[in-house]
Amino acid sequence: MTPPVRIAQLSCGADYSGVQHEIDTAAHEVNGEIFFPDIALKDIRRDYDAFGLDVKSPDLKLAIARAKALVDGRVEADAVFIATCFRCAEAAIVRNELRRFIHENSKLPVVSYSFTERTTSGTLLTRMEALTTIARRRALLARETQQGITLGLDSGSATTKAIVMKDNKIIGTGWQPTTEVLTSAHGVIETALAEAGMTMKDIQAIGTTGYGRFLVGKDLNANLIQEELTVNSKGAVYLADRQHGPATVIDIGGMDNKAITVMDGIPGVFTMGGICAGASGRFLEMTAKRLGVDITELGPLSMKGFGGHVPMNSYCIVFGTQSLVNALAAGSTREDVAAAACHSVAEQVFEQQLQEVDIKEPVIMVGGTSLIEGLVHAMGELLQTKIVVPHHSQYIGAVGSALLASGFIKDE
Amino acid sequence: MAKIFIYPATSLILSDLVSRHGHTPLSSAVAIRERIQTAGLESLPLQITPEEPKKGLKWAAVEVPAGVRGRMSLYGPQIEQCEAAIIINDADLAFGCMGCARTNELIKFLLRQKDIPKLDLNYPKNEEEGVQFVAAIKRFLGELKKREDTK
């Protein structure tokens with residue numbers, strides 16, 4: 001049996017919040033093992049002073065000393081999980097600085113999270129899986145070209161996508177809204193295979209990702225079942241032809257958003273937010289519906305408007321929609337309202353998630369929402385950079401799966 | 001004999017001093033070890049469930065971090081029932097320590113609000129202060145005992 005991935009936990013408050021068991025469970029489910037770096041009291045005093053961040057909480061001092069021990073190589077680990085209480089400002093500063101410190105001074109993959117007592121192992125699972133994937137599958141993630149004939153399937157919360165690739169080229173695509181997970185998966189596979197002029201017998205390897213990855217992966221007997229953080233970032237740098245050097249991948253999804261900093265195609269730091277629907281693709285879907293346009297028309301419409309003309313006082317999907325309705329009733333144009341909705345989503349992702357990763361150019365936007373020009377434009381304005389949207393960006397998870405799955409093709 | 005809340009609640013030295021003078025220390029029976037192999041410096045040997053932070057709502061509002069409320073679910077009831085308190089400020093980690101500064105602020109505030117005998121001391125920095133420190137605690141405990149005896 002493969003030995004578990006050793007994940008060093010640097011935390012404050014996890015035990016007293018009652019979520020330590022959830023953290024352990026999430027790690028265990030992906031064959032990871034949480035441990036607390038063993039250090040002495042005298043190390044805390046020395047390392048905390050050397051780090052230079054003046055904090056009051058002794059457990060945060062302990063977390064700082066543990067981070068130093070990991071970076072100095074006094075304690076060995078495969079990955080790092082940093083977790084502190086949600087709403088603690090002191091802990092938020094430490095969490096951010098430790099993440100940056102470890103990322104800049106070691107090759108350890110890091111994920112940080114702020115928990116409440118309601119945090120469950122299910123919430124943490126994809127993050128833990130990404131940590132263990134990066135630690136365990138570095139060689140696979142380094143793959144730069146697709147070989148043979150492979151099928152990639154992304155079973156997302158809003159849409160299901162399939163891609164057929166042959167010799168490093170996309171030859172078939174399938175897309176449909178997710179309803180019943182397996183039915184949607186078989187529907188898109190059929191479409192993609194028809195476009196490619198192939199049958200399932202021609203497929204040499206299959207990869208699945210997205211929320212339904214386990215169910216669909218089992219059904220298809222997939223060679224690779226992998227979470228979307230590593231798969232999407234791999235797909236993004238592959239399609240954008242930025243496989244070497246740094247990059248930042250932003251994926252605003254139907255249910256949650258991902259921001260990932262990548263170096264040579266391998267994720268280093270990532271965040272995954274899913275608390276507020278106002279910052280997701282759902283809000284844009286609702287806006288399009290309220291404006292009476294198809295979601296594909298929202299982008300061009302928003303590019304003709306000025307979001308600043310519409311007062312938006314809330315990021316909440318309910319109150320945000322109410323603001324849009326009020327604006328329309330007060331005479332705002334549909335174009336301005338569309339632009340305001342795009343700006344609201346971009347701003348919320350910028351304020352709440354992109355602060356947790358260090359933005360490295362190029363910034364690549366992927367996922368279905370990357371086709372909404374107004375959203376890409378708003379994000380570019382906030383980040384003051386030109387955003388790269390690669391071809392087939394809406395199929396990113398499926399492309400990443402097909403690419404990585406080719407690593408499982410056995411030599412004939 | 002008085003029920004005395006000690007801060008830091010993890011200080012076995014304070015707990016021992018209080019017991020030796022015949023009082024009941026209200027504290028957590030956790031020793032701060034030389035090597036730390038647990039999540040926090042004073043992680044308890046019991047599994048706290050997500051219910052504890054909810055019980056902690058009695059002492060801290062919902063916008064207060066869950067770790068503070070989880071701790072308050074343990075220390076809040078002790079603060080309510082204590083008849084005296086000893087507070088040691090800026091204690092060394094090895095003396096006993098509680099991991100969360102926000103909880104520490106709240107505990108000390110709640111103790112200072114109570115109309116009970118209190119001893120509020122700074123942790124000694126040298127031997128001379130150390131002697132005075134122990135003497136002050138001894139004197140406080142002795143006076144408490146006299147007061148209890150005359151009741």
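Figure 1. Strand β3 of chain A (residues 39–40) pairs with β3 of chain B in the antiparallel sense over 2 bridges. Two strands are said to pair if DSSP finds at least two bridges between them. Strands (E, at least two residues) and helices (H or I, at least four) are DSSP runs, numbered from the N terminus. Within this pairing, A:Ala40 stands opposite B:Arg35 of β3(B). The model shown is predicted: local features need pLDDT of at least 70, side-chain atom pairs count only at pLDDT 80 or more, and totals for chains, interfaces and linings use all residues. Residues are numbered from 1 along each chain as its sequence is written, while chains are lettered from A and ligands numbered from 1 in the order in which they are written.

**Figure 2. The side of chain B that touches chain A.** In this view, 30 residues of chain B are in contact with 32 residues of chain A; two residues are in contact if their C-beta atoms, placed from the backbone, lie within 7 Å. The elements of chain B that give two or more residues to this side are β3 (35–36), α2 (51–55), α3 (66–81) and α4 (101–113). By class, this side of chain B has 13 nonpolar, 9 polar and 8 charged residues. Ala, Val, Leu, Ile, Met, Phe, Trp, Tyr, Cys and Pro count as nonpolar, Asp, Glu, Lys and Arg as charged, and the others, Gly among them, as polar.

**Figure 3. Helix α14 of chain A and its surroundings.** Helix α14 comprises residues 373–383 of chain A, and its residues A:Gly374, A:Leu375, A:Val376, A:Ala378 and A:Met379 are buried. A residue is buried if 20 or more other C-beta atoms, placed from the backbone, lie within 10 Å of its own, exposed if 12 or fewer, and partly exposed in between. The buried residues of α14(A) pack against β11 (246–252), α10 (281–291), α11 (295–303), α13 (334–352) and β14 (363–366) of chain A. After α14(A) comes A:Gln384, whose phi is positive, near 55 degrees.

**Figure 4. A:His377 in helix α14.** A:His377 lies in helix α14 of chain A. This residue counts as partly exposed because it has 19 C-beta neighbours inside 10 Å. The C-alpha atoms of A:His377 and A:Tyr16 are separated by 43 Å, and the two residues are 361 apart along the chain.

**Figure 5. The fold of chain A around these views.** Chain A contains 15 helices and 14 strands. Of its 412 residues, 55% are buried. The C-alpha trace of chain A spans about 65 × 65 × 35 Å along its principal axes.
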